[in-house]
Amino acid sequence: GMMDAEPAAPEPEASTPETPGGADAKYEGLKVKYRVFKARDNSPVENCFVLRPDKDAAARSALRAYAFATPNRELAADIRAWLDSIEA
């Protein structure tokens, strides 16, 4: 199921192309905030986007849209059950 992945470890915000101005800036746009690793072999995953549905209503909306759009019915059901548990 989708809950097999380990949580992403927070990454210190540093000055990168994704983080204009560095950690001291009040930049609220797209930035590197987490490092993600595959649960299977701990290899890094690049070019991904971490959602926090427990803290962010927009993340919950995005996950609902993903559950609707994916052809993987089991994944869709898991996402909906996860959202139901968060919103309960």
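User: Which strands pair here, and in what sense?
Analyst: In this predicted model, strand β2 (residues 34-37) and strand β3 (residues 44-45) pair in the antiparallel sense over two bridges. Two strands are taken to pair if DSSP finds at least two bridges between them, and strands (E, at least two residues) and helices (H or I, at least four residues) are DSSP runs numbered from the N terminus.

User: What stands opposite Phe37?
Analyst: Phe37 faces Pro44, which belongs to β3. Six residues lie between the strands of this hairpin, and Asn42 takes a positive phi near 65° there.

User: Before I go on, how are residues numbered, and what limits apply?
Analyst: Numbering starts from 1 along each chain as its sequence is written. Because the model is predicted, local features need pLDDT of at least 70 and side-chain atom pairs count only at pLDDT 80 or more, while totals for chains, interfaces and linings use all residues; side-chain values use heavy atoms, with hydrogens and water left out.

User: OK, and the overall layout, what pattern does the chain follow?
Analyst: Read along the sequence, the pattern is β-β-β-α-α, that is, three strands and two helices.

User: How much of the chain is buried?
Analyst: Of its 88 residues, 15% count as buried, where buried means under 20% relative accessible area, exposed means over 50%, and partly exposed is in between (1.4 Å probe, protein chains only). The chain exposes about 6800 Å², and carbon and sulfur atoms supply 54% of that area, as computed by the Shrake-Rupley method with a 1.4 Å probe, where for residues only the protein chains shown count as cover.

User: Now the helices. Which residues of α1 are buried?
Analyst: In α1, the buried residues are Ala59, Arg60, Leu63 and Ala67. Seen down the axis of α1, they fall within an arc of 100°, so they line one face of the helix; the arc is that of the directions from the helix axis to the C-beta atoms. On the other side of α1, Ala58, Phe68 and Ala69 are exposed.

User: What covers that buried side of α1?
Analyst: The cover includes α2, and the buried residues of α2, in turn, pack against α1 (57-69). Contact here means heavy atoms within 4.5 Å.

User: Which residues of α2 are those?
Analyst: They are Ala76, Ile79 and Leu83. Down the axis of α2 these buried residues fall within an arc of 65°, so they too line one face of their helix, while the face turned away from the buried side carries the exposed residues Glu74 and Asp84.

User: What about the helix starts, where does Asn72 come in?
Analyst: Asn72 caps the N-terminal end of α2, with a side-chain oxygen 3.2 Å from the backbone nitrogen of Glu74. At the start of α1, a side-chain oxygen of Asp56 reaches to within 2.9 Å of the backbone nitrogen of Ala58. A polar contact is a pair of N or O atoms within 3.5 Å; within protein, one must be able to donate a hydrogen and the other to accept it, and residues adjacent in sequence count only if both atoms are side-chain atoms.

User: And Thr70, is that one buried or exposed?
Analyst: Thr70 is buried, with a relative accessible area of 8%, and its place is in the loop between α1 and α2. The side chain of Thr70 reaches the backbone nitrogen of Asn72 at 3.2 Å, and, not counting residues up to four places away in sequence, Thr70 touches Leu75 and Ala76.
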